[in-house]
Amino acid sequence: MTPEIIRTLVELRSKVAGWKAAGESVAVVPTMGALHQGHLSLVRAAKEACDRVIVTIFINPKQFNNPEDYKNYPRTEEEDARKLIALKADVVYVPDGEQMYPNGFATTVSVEGITQGPVSYTHLTLPTTPYV
């Protein structure tokens with residue numbers, strides 16, 4: 001069975017509140033989708049450490065210098081959800097920009113000069129919108 005797909009913060013918070021009321025621990029694995037083995041290894045580790053796992057898929061436009069790169073970034077939600085079946089992820093949270101950058105949004109975390117393996121970012125800007 002594919003994990004439940006949730007698109008709003010209200011729905012996500014309700015789901016998590018039920019888990020926490022039952023005494024369950026919750027892990028969040030944030031991604032931009034197009035899941036690969038690195039992501040899947042994080043989901044496996046989260047499942048070992050916690051009772052419930054949320055995988056987020058948010059293609060953050062603020063992480064792209066070039067609008068064409070954002071436009072061309074793969075959108076593979078259905079394929080990603082299928083990959084998560086065997087790992088038994090509980091929820092895939094797929095917010096839109098309004099969920100991540102609501103009216104009055106003001107706080108981000110910015111990291112510069114990240115280099116890891118063949119990937120190099122000139123910047124990384126993330127919203128600090130709380131999930132749970």
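This is a predicted model: local features need pLDDT of at least 70, side-chain atom pairs count only at pLDDT 80 or more; totals for chains, interfaces and linings use all residues.
Local features need pLDDT of at least 70 and side-chain atom pairs 80 or more, while totals for chains, interfaces and linings use all residues. Residues are numbered from 1 along each chain as its sequence is written, and side-chain values use heavy atoms, leaving out hydrogens and water.

One of the pairs, F58 with Y101, is tilted, at 6.1 Å centre to centre and 55° between planes. It ties together distant parts of the chain, 43 residues apart: F58 is in the loop between β3 and α3, Y101 in the loop between α5 and β5 (helices are DSSP runs of H or I, at least four residues; strands of E, at least two; both numbered from the N terminus). F58 is buried at 8% relative accessible area, and Y101 at 17% (buried is under 20%, exposed over 50%, partly exposed in between, with a 1.4 Å probe and protein chains only). The charged end of K62 also sits over the Y101 ring, 5.0 Å from its centre (NZ of Lys or CZ of Arg within 6 Å of the centre and within 35 degrees of the ring normal).

F64 and Y73 pair edge-to-face, with centres 5.7 Å apart and planes at 70°. Together with Y70 they make one aromatic cluster, and R75 lies over the face of Y70, 4.8 Å from the ring centre.

As for α1, L9, L12, V16 and W19 are buried, whereas V10, S14 and A21 on the other side are exposed.

Terms used: Rings of Phe, Tyr and Trp (its six-membered ring) pair if their centres lie within 6.5 Å; planes under 30 degrees apart count as stacked, over 60 as edge-to-face and the rest as tilted.
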